[in-house]
Amino acid sequence: RAQFAVKRAKATGRTELYTPRDFHRARRAFTIETALRRAIEADRLRLHFQPVVELGTGRLTGFEALARWEDNGINMSPAEFIPVAEQSGLIVPLGRWVLDAALATLKGWDARAGLTQTLGVAVNVSALQMARDDVAAMVASSLAAHGLDGRRLTLELTESSIVQDPDGASRTMHDLKALDTVLALDDFGTGYSSLAYLQRLPLDCLKIDRSFVTDMLANRDNLAIVRAVLSLAQALGLRTTAEGVETPELARMLAALGCTHAQGYVYAPALPADEALSFAQSWSSLA
Ligand code: C2E
Ligand code: MG
Ligand code: MG
Ligand code: MG
């Protein structure tokens with residue numbers, strides 16, 4: 001028992017014992033962290049790419065790059081390893097790798113035939129990256145290294161990056177806009193950002209979290225939330241991407257409500273790079 005050291009709840013001044021369950025959770029996180037560090041160093045993470053479609057025109061505007069970890073029998077969801085990466089600080093080297101790999105893939109696609117449209121790519125940027133890393137310098141050097149225009153890169157920020165340090169986030173966002181990148185607020189509605197930030201910060205796009213979108217035709221509360229977010233975004237001149245669009249009916253409804261972009265299984269799940277390129281090629285031939 002003594003080996004389960006005490007943890008103190010700072011706010012309450014209470015002292016609690018680690019339960020065996022806490023112990024297992026901590027040990028699992030540590031195991032994941034060790035393996036993840038090795039996977040990053042050995043370049044064993046991969047990116048998958050999920051299409052983003054402009055609702056008004058049906059044009060494919062680009063892809064969101066999503067980290068995948070499948071090696072040595074590990075096939076772990078980002079929902080599990082990203083939080084471990086955030087807690088351990090590994091998100092900083094991971095995020096740097098994701099940015100560079102996403103831009104390298106985009107550059108590779110440019111050289112391939114059969115694409116009539118200019119594609120963009122979106123990468124997720126975690127709060128710790130915004131706070132600790134010199135994100136703007138990293139983005140600038142990666143864009144330059146791949147010879148890509150900043151307009152083709154969307155950075156998906158979280159509400160937590162803004163809430164934790166609004167002034168710091170604002171400065172970083174202005175630096176990123178100076179590189180012409182597109183700034184999106186990811187999972188909008190699930191965090192705690194104040195509406196006042198939306199007009200103060202140099203944002204281009206709100207991504208409406210899939211927890212509101214997927215069932216909005218069956219759930220009146222979620223429909224009301226989506227409508228409210230769309231009218232707020234329109235009033236502020238922001239684009240909107242609905243996540244988790246699983247049916248054509250939903251895509252039509254979102255278009256009718258003024259949502260500008262959609263992403264979800266109705267088009268495709270996140271695909272390996274070569275399949276994403278084929279998707280883009282066949283999408284152009286349909287358009
Ligand atoms: P996210 O940024 O909100 O990404 C969208 C997630 O929704 C992806 O899950 C995607 O596969 C899933 N999704 C897309 N369309 C649909 C749909 O129609 N229905 C349903 N049910 N799900 C859909 P994924 O790839 O498991 O990623 C989960 C989260 O992990 C991401 O959420 C993001 O927050 C984080 N993440 C993934 N890759 C990275 C990364 O490179 N860096 C950082 N910081 N976070 C990442
Ligand atoms: Mg995202
Ligand atoms: Mg999202
Ligand atoms: Mg989401």
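Predicted model: local features only at pLDDT ≥ 70, side-chain atom pairs only at ≥ 80, totals over all residues.
## Basis

Local features need pLDDT of at least 70 and side-chain atom pairs pLDDT 80 or more, while totals for chains, interfaces and linings use all residues. Residues are numbered from 1 along each chain as written, chains are lettered from A and ligands numbered from 1 in written order, and side-chain values use heavy atoms, without hydrogens and water.

## The magnesium pair

The magnesium ion (ligand 2) has four protein donors: Glu64 (OE), Asn124 (OD1), Glu156 (OE) and Asp186 (OD). Donors are N, O and S atoms within 2.8 Å of the metal (3.2 Å for Na, K and Ca); water is not among the atoms, so sites may look incomplete. The donor spacing in sequence is E-x59-N-x31-E-x29-D. Asn124 sits in strand E6 (residues 120-124) and Glu156 in strand E7 (residues 153-157), so this pair ties together parts 32 residues apart in sequence. Helices (H or I, at least four residues) and strands (E, at least two) are DSSP runs, numbered from the N terminus.

Asp186, Asp187 and Glu243 coordinate the magnesium ion (ligand 3), through OD, OD and OE at 1.7 to 2.7 Å. Their spacing reads D-D-x55-E. The two ions are 3.4 Å apart, and Asp186 coordinates both.

## Accessibility of the donors

Buried means under 20% relative accessible area, exposed over 50%, and partly exposed in between (1.4 Å probe, protein chains only). Asp186 is buried at 7%. Glu156 is buried at 2%. Asp187, at 28%, is partly exposed. Asn124, at 29%, is also partly exposed.

## H3 against H5

Helix H3 (residues 91-110) packs on helix H5 (residues 135-146) at about 25°, with axes 10 Å apart. Axes are lines fitted to C-alpha atoms, for helices over the stretch in contact; angles run from 0 to 180 degrees between N-to-C directions. The two are therefore roughly parallel (angles under 35 degrees).

Contact means heavy atoms within 4.5 Å. From H3 come Arg96, Leu99, Asp100, Leu103, Ala104 and Lys107; from H5 come Met138, Val139, Ser142, Leu143 and His146. By class, six are nonpolar, two polar and three charged. Ala, Val, Leu, Ile, Met, Phe, Trp, Tyr, Cys and Pro count as nonpolar, Asp, Glu, Lys and Arg as charged, and the others, Gly among them, as polar.

## H5 against H7

H5 also packs on helix H7 (residues 166-178), at about 15° with axes 9 Å apart. That makes H5 roughly parallel to H7. Val135, Ala136 and Val139 in H5 meet Thr172, Asp175 and Leu176 in H7. Four of these residues are nonpolar, one polar and one charged.

Note on methods: Parallel < 35°, antiparallel > 145°, perpendicular 65-115°, else oblique.
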